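This briefing is for a reader new to the structure.

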Amino acid sequence: MTVFKSEFLKTLQERGFIHQISNPDGLDDLYRSETVTAYIGFDCTATSLHVGSLVQIMMLHWMQKTGHRPIALMGGGTTRIGDPSFRDTARPFLDDAQIEANKAGIRKVFDRFLTFGEGSKDALMLDNADWLLDLKYVDFLRDVGKHFSVNQMIQRDAVRIRLEREQHMSFLEFNYMLLQGYDFVELFRRTGCRVQMGGSDQWGNILSGVDLGRRMENVELFALTTPLLTTASGAKMGKTADGAVWLNPDMRSPYDYWQFWRNTEDADVERFLKLFTTLPLDEIARLAALGGSEINEAKKILATETTTMAHGRAAAEEAAETARKAFEEGALAGGLPSVEIARGELAEGLGVLAAFVTAGLCASNGEVRRQIKGGGVRVNDAVETDDKRQLTEADLLEDGVIKLSLGKKRHVLLKPV
């Protein structure tokens, strides 16, 4: 295994970010000898990124922290096609207004993790629509397409797996690899960018850009990928029973975000502290050594530090305090997430099944029934045993809300308006 000497790659290696590098020694020398510009691409498929993108975001964060220039490349152009990598079907098409709205929402995420500006080490946010949408098709095929071998393209995992499963892949999706490779070359021309980073599923696409840079510009570009991230139990990172763990507060509250990290499996605590916080490694080692119930203290620190990165220190500490009150004191805490309902629903009687589905605590009435049978449903901190229970205004607490709880760690306030 290569022992890196540059601060950036040494940091990534120590914290578990590195899966593959196209030329490890060459890239290490590059980071030691100059201020490096590197990029990661993010398609604009939603108004926020989620925890599944957080490893990539943290790599850009560490780049800037170690004195280099990161680029967050928005896929305003490639979003119109959709990355086929490890997908069974094509992505739905988005119109221009949706893409612009998504891009604006994603910018809010990056403003928490990067410092943007005009300086040599300030982060850049660029959009590949600026060059892809003006390409002339015949010129592009002649200048770029001639450098791609169809024989090699169909062997890339993103394409090969779809073909082996006999799943449809449009010619439009097949072109995604060419466009991503061209992005790398265009960023080199515009900014001197020499490195593309991404998840391990992007290895083939990134190598296509490395090869294209050699053929078109006679320059060595570099590829760096991170390992596929799953939890200790094998679950996909960032996916929960109630959906994706979004990074913008309007899609997942800081409190719910804090709770997601607080519920980390014991076996993942050390790895997640390294990947998703900037705590010193010796402090992480100390926390990872905690045993028994003390590991919960490490989880609280993980939750607070990750929430600080995404939402700021004040929001993180408020979430931690809300959790402490809710779980340690059994008190009703105003910082809990809330869902508004029409006051008339309580006047007529709101079924407990519907209430838990409306609150987003369960996906269906059947799930609520199963949770009730298992003793996991509480209303105003009292275990609920009747699946035909009707909630009324008589259930309102002094704060004018009804507290719904699923298990010991998930709570929502039902607020009539």
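M237 is buried, because its relative accessible area is 5% (buried is under 20%, exposed over 50%, partly exposed in between, with a 1.4 Å probe and protein chains only). M237 lies in the loop between β6 (222-226) and β7 (239-240); helices (H or I, at least four residues) and strands (E, at least two) are DSSP runs, numbered from the N terminus. The model is predicted: local features need pLDDT of at least 70 and side-chain atom pairs count only at pLDDT 80 or more, while totals for chains, interfaces and linings use all residues. Residues are numbered from 1 along each chain as its sequence is written, and side-chain values use heavy atoms, with hydrogens and water left out.

**Around M237**
- Leaving aside neighbours within four places in sequence, M237 is in contact (heavy atoms within 4.5 Å) with residues including V51, G52, L229, F260 and W261.
- M237 and V51 are 186 residues apart in sequence, yet 7.0 Å apart in space, C-alpha to C-alpha.

**Nonpolar cores**
- A nonpolar core is a set of buried Ala, Val, Leu, Ile, Met, Phe, Trp, Tyr and Cys residues joined through side-chain atoms within 4.5 Å.
- The largest such core has 65 residues, and F110, M197, W261 and F276 have the most contacts inside it.
- Helix α3 (residues 54-65) gives the most to this core, with 8 residues.
- A second, separate core has 29 residues, among them L132, F148, V159 and V219.
- Not counting residues up to four places away in sequence, W261 touches V51, L54, M237, F272, F276, K299, L302, A303 and T306.

**Aromatic rings**
- There are 8 aromatic pairs in the structure; rings of Phe, Tyr and Trp (its six-membered ring) pair if their centres lie within 6.5 Å, and planes under 30 degrees apart count as stacked, over 60 as edge-to-face and the rest as tilted.
- The W261 and F276 rings form a tilted pair, because their centres are 5.0 Å apart and their planes are at 55°.
- This pair links distant parts of the chain, with W261 in helix α12 (residues 254-262) and F276 in helix α13 (residues 269-276), 15 residues apart.
- Both W261 and F276 are buried.
- The rings of F272 and F276 have centres 5.5 Å apart and planes at 65°, so this pair is edge-to-face.
- F272 and F276 are 4 residues apart in helix α13, so about one helical turn separates them.
- One aromatic cluster is formed by Y257, F260, W261, F272 and F276.

**Salt bridges**
- The count is 18 salt bridges, each being a side-chain nitrogen of Lys or Arg within 4 Å of a carboxyl oxygen of Asp or Glu.
- K299 forms a salt bridge with D266, with the closest N and O atoms 2.5 Å apart.
- That pair links distant parts of the chain: K299 is in helix α15 and D266 is in the loop between α12 and α13, 33 residues apart.
- K299 counts as buried at 7% relative accessibility, whereas D266 counts as partly exposed at 49%.
- Salt bridges that share partners join E186, R189, R190 and E217 into one network.
- In the bridge between E186 and R190, the closest N and O atoms are 2.8 Å apart; in the one between E217 and R189, they are 2.7 Å apart.
- E186 is buried, with a relative accessible area of 9%, whereas R190 is partly exposed, with 47%.
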